[in-house]
Amino acid sequence: MIKKLLLLVCFLTSVTSAFSQNFEKNNTSGKYSLSDQISLYPNPAADKVRVSNRSEGNLKATVYNILGDPVLSKVIQKNGEDIDISKLQSGVYIVSLTDEKNIITKRLVKN
C-alpha cells in the first residue's frame, strides 16, 4: 500500500511539473511568470491553505482530487486569500490557478 501511495505521489509530481511547463507563458517581456508570483502555503495543510497572489489580477483557483474531479473552486483576489480545505478528506490534490492568459498547477497535501 505504501509503495502504491509513493508511486502515486511521484506520478502526480511529474504531472504537475509537465502541466506547469506546458501552460506557463514564456517570459519574453521581462516580466515574471505567473508561477513566480503565486505561493501556496502551508503545504501540507490541515484546515486552510493560503494562496499568495502577487500577479496583476484575480485568479481562479480550482482544487481537483486525484481522480481529476473538481472539489473546490474560488476566485483569489490580487492580494491573496485563504482556501478552506477543512471539509476535504486527507490526501493529495492538484490546485489549478488560472488568470486570463496562464494556467499553472501546484500539488497540495491535505493532512
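Strand β2 (residues 48-53) is joined to β5 by four bridges, and the two run antiparallel. Strands count as paired if DSSP finds at least two bridges between them. In this pairing, R50 stands opposite D82 in β5.

This is a predicted model, in which local features need pLDDT of at least 70, side-chain atom pairs count only at pLDDT 80 or more, and totals for chains, interfaces and linings use all residues. Residues are numbered from 1 along each chain as its sequence is written, and side-chain values use heavy atoms, with hydrogens and water left out.

**The sheet**

The pair β2 and β5 belongs to an open sheet of three strands, in the order β1-β2-β5, with antiparallel pairing. β1 (38-41) and β5 (81-84) stand at the edges. Each has a single partner strand, so one side of each has no neighbour in the sheet. Neighbouring strands here are turned by 20° against each other on average, direction ignored. Such angles are taken between axes, which are lines fitted to C-alpha atoms (for helices over the stretch in contact), and run from 0 to 180 degrees between N-to-C directions.

**The whole chain**

The chain has two helices and seven strands. Along the sequence the pattern reads α-α-β-β-β-β-β-β-β. Helices (H or I, at least four residues) and strands (E, at least two) are DSSP runs, numbered from the N terminus.

| Quantity | Value |
|---|---|
| Buried residues, of the 111 in the chain | 32% |
| Contacts joining residues at least 24 apart, among those between residues at least 6 apart in sequence | 51% |

Buried means under 20% relative accessible area, exposed over 50%, and partly exposed in between (1.4 Å probe, protein chains only). Contact means heavy atoms within 4.5 Å.

**Two residues**

V92 sits in strand β6 (residues 91-98). Is V92 buried or exposed? V92 is buried, because its relative accessible area is 13%. V92 and L108 are 16 residues apart in sequence, and their C-alpha atoms are 5.8 Å apart in space.

N65 is in the loop between β3 (59-64) and β4 (70-76). A polar atom of the N65 side chain lies 2.9 Å from the backbone nitrogen of D69. N65 also touches V71 and Y93, leaving aside residues up to four places away in sequence.

Conventions. Polar contact = N/O pair within 3.5 Å; in protein donor to acceptor, adjacent residues only side chain to side chain.
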